[in-house]
Amino acid sequence: MTEKRVYTFGNGKAEGNAQMREQLGGKGANLAEMNLIGVPVPPGFTITTDCCNEYYKIGQEKIISVLQDEVNAAVAHIETLMNSKFGDTTNPLLVSVRSGARASMPGMMDTILNLGLNDEVAEGMVAKTNNPHFVYDSYRRFVQMYGDVVLEMKPENKEDIDPFEEIIETVKAERGIKLDKDLSVDELKKLVRLFKEAIKERTGKDFPNDPIEQLWGAICAVFRSWMNDRAILYRKMEGIPDEWGTAVSVMAMVFGNMGETSATGVCFSRDAGNGENLFNGEYLVNAQGEDVVAGTRTPQQITKVGSVRWAERAGIPEEERVSKYPSMEEAMPEIFAQLNDIQDKLEHHYHDMQDMEFTVQEGKLWFLQTRNGKRTGSAMVKIAIDLLHEGMIDEKTAIQRCEPNKLDELLHPVFDKLELQKAHVITQGLPASPGAASGQIVFHADDAQDWHADGHKVILVRIETSPEDLAGMSAAEGILTARGGMTSHAAVVARGMGKCCVSGAGAINVNYKEKTVEIDGHLYKEGDYISLNGSTGQVYSGEVPTKAAELSGDFKELMDLCDKYTKLQVRTNADTPHDARVARAFGAKGIGLTRTEHMFFDDKKIIAMREMILSDTPEGREKALNKLLPYQKADFKGILEAMDGLPVNIRLLDPPLHEFVPHDLAGQQVMADEMGVDLATIQRRVASLAENNPMLGHRGCRLGITFPEITAMQTRAIISAACELKKEGKNPKPEIMVPLIGTVAEFRQQKAVILKSARRTFDEYGFKLEFEIGTMIEIPRAALTADLIASEAQYFSFGTNDLTQMTFGYSRDDIASFLPAYLDKKILKVDPFQVLDQEGVGQLIKMAVEKGHNVRPNIRTGICGEHGGEPSSVKFCAKLGMNYASCSPFRVPIARLAAAQEAVEK
């Protein structure tokens, strides 16, 4: 723990700065920094992230005791700068209490506004402001937020609406009004009373009147929100450690709900959806910040160009737009000019796209937050390249600005334009997060999870989303909401996840209890198909076919930058010419793994393969292998041709033979007829292949040692395919990999078979070509004796799936039964089959690489397990000086970016 726990800011001064994210969280650090660079920010203070961790160690009572003196002094600091007093009934100070971790977690934790109000303070504020509507609107908001966040009054089940909203709707219905802002002063007072009564009835707790008690309740509730379900899930999704904790920022309230010269809004210095260099955002007159992000009112656009675009999409005539929905640029030109200047100042100061919150109180502009904005994958690439071209960042920074896993979004399918022309548009919303999504309608987040787990593609349809919906949003293909703008919770979170989202589709009528949504007179039920176009905001009935994404010039420029700096090459795992061509288009520098067993599963090949396995004599196996040879040769030729001029690493047969034989009676009878033997003979042979532990049994090089004719046939197929391509003027570069060796003797035996078969094949063609023989290091003993193996092998390829399995002693197929408990209890931080274990498995790899180089200085090393496309694993391989990582075709750009980042980080 650091000695100082509370840092103040205000009036152009601050005890913190932007470099103190670890102590002050992103929000607190940036509030301090904005003060220091002259941005108008209400005064306040930030309690450090260490205090959050301390709260969980020593409890609420002790943390209050520890913080009390510093917090009291910090409140006095705000009182001095605001010339008002917290809890005073004649000149009261109100504050907001906000969360803020060092990594942005939009909507995942809690905020309380207007804190410090009670009946006496409210009357004092009425006397001071002569604006009772504003005061009681603020009071009912405070009781609602405090009741929800601190006193935990929430819906009892998923079909129920928020209990406070239910009371509001009842009161509005009595007079037939639709908008909260149209409530009278008496109705607002009535809401305060009804809210407090409901809190007492539902929670058994009295609403606290003492502002100091309110403040400590709010501060500790923010600490508690660090461990709420949605925050925990978000951290898992984003890889944010639990031990970071959240800071708490307490600020003087400024009010956007004081009348028609007051407003609140959220804005972005560039478009977070597509990266366009266009200032954009939304605002609401006479409102508070939660109204914008919660999506309870659909806001207006800040810029005129944004407003015109919005009206065109919504089909609203220009005259109506100007009169009813003017932009801030038109309605509040002086405030807009200030806002525009400050957003530009902040982007240039932070050298990145900014996501900002602001309030206008009776014509004065205040900034409440700035942070590097969440963005889609396509926006991420465009913004990085644009900032590079504008001279705001350099090449290395542009590479580091891009998050490798977010590139995955750019590779997702898009709607086929021809199919879109035939599609039936059923409604129009706001294009909140780009992409194409088709799926079955579900209405609740937990249903989205369940349907997804059962293999369904779903669209989550909500009136509006809340942070509690995070898990369902993650499981859904896309999100459709009736309310909310481009800066609502649904929009911001969907963009951060790379999920397609259409928000503010006001024409849809959702009924949670009936699980229906009415759109333009048509009733859609749970399970019906719809499609969303997150780039245009259009919603279509049924499923609309998609096609492969078209990559932008910015994407190519980023990949070219990666190639300029990277040392580790990226290959692909590909078993077909199509996969090879896709990966090559994404920049793969060859194939790191071709699994020959995947080639045997069409009808003609599998019969010949089964005949070979079920034969009990070398002659019978030779006969079947001769049938397989032309198939294998054709397969290898196609892949070598697709990767012409680049290396293709082909693994010899690896899986246990029992995986290929028929286990059903009909399949066994087919094989008996094909081989001219009785059914009982086939059944005996199938039974003889069964093993107690097949993954450690008769597989890998053990097959080739037991049945050398298999290795000879596969070698002949590879070499003859390469020779034919050479005759056609091509440049094939085959590599033959022996799988699952544990001793150098195993490799030596298989190498002899390969060389003998290759010599015979070269004699048949009358010429030779270059090829290499290497091995897959996937057994710990092979890593430990890598120096001996390197004396024979020309290259190592680390099969990290099996190496992880054998190092941990975890079955990859069975780990799901205990992995959740291991993650929850912090025994493991991540699934070791997804992220390479650098402390254990990684050390075996490091040792093997070093031993290999000691014996054969020019030995080539690579990785070809699932980890080959996971960014942190790729970076680890690059640090070891390995030559390549190999991954599935659509992970190739991700691995290229990760490799380049490791190179520039050096």
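In the predicted model, a barrel is closed by 8 strands that follow one another in the order 27-28-29-30-31-32-33-34, with parallel pairing. From one strand to the next, the twist averages 30°. Helix 35 (residues 841-855) lies across strand 32 (795-798) and strand 33, and its direction makes an angle of about 175° with strand 32. Helix 37 (residues 892-905), in turn, lies across strand 27 (569-573) and strand 34, running at about 155° to strand 27.

Elsewhere in the chain, strand 9 (residues 263-268) is largely enclosed by the rest of the structure, because 6 of its 6 residues are buried. Burial extends to both faces of strand 9, with Ala263, Gly265 and Cys267 on one side and Thr264, Val266 and Phe268 on the other. Strand 9 is joined by 6 bridges to strand 10 (residues 280-285), the two running antiparallel, and valine 266 stands opposite glutamate 282 of strand 10. A further 6 bridges join strand 9 to strand 12 (residues 354-361), again in an antiparallel arrangement, where cysteine 267 stands opposite methionine 356.

Threonine 48 occupies the loop between strand 3 (44-47) and helix 2 (49-58). The relative accessibility of threonine 48 is 1%, and this residue therefore counts as buried, the cut-off for burial being under 20%. When residues up to four places away in sequence are not counted, threonine 48 touches Lys4, Arg5, Tyr7, Gln23, Leu24, Thr246 and Ala247.

A helix-helix contact is formed by helix 6 (residues 163-175) and helix 7 (residues 185-203), which pack at an angle of about 145° with their axes 10 Å apart, and the crossing of helix 6 and helix 7 is right-handed. On the side of helix 6, the contact involves Pro163, Phe164, Ile167, Ile168, Val171, Glu174 and Arg175, which meet Glu187, Lys190, Leu191, Leu194, Phe195, Ala198, Ile199 and Arg202 of helix 7. Classified by residue type, the contact between helix 6 and helix 7 contains 10 nonpolar and 5 charged residues, and no polar ones.

Note on methods
Residues numbered from 1 in each chain as written. Predicted model: local features only at pLDDT ≥ 70, side-chain atom pairs only at ≥ 80, totals over all residues. Heavy atoms only, no water. Pairing = 2+ DSSP bridges. Helix = DSSP H or I, 4+ residues; strand = E, 2+ residues; numbered from the N terminus. Axes fitted to C-alpha atoms, helices over the stretch in contact; angles between N-to-C directions. Contact = heavy atoms within 4.5 Å. Buried < 20%, exposed > 50% of the residue type's maximum accessible area, 1.4 Å probe, protein only. Left-handed = near helix turned anticlockwise from the far one by under 90°. Nonpolar A, V, L, I, M, F, W, Y, C, P; charged D, E, K, R; others polar.
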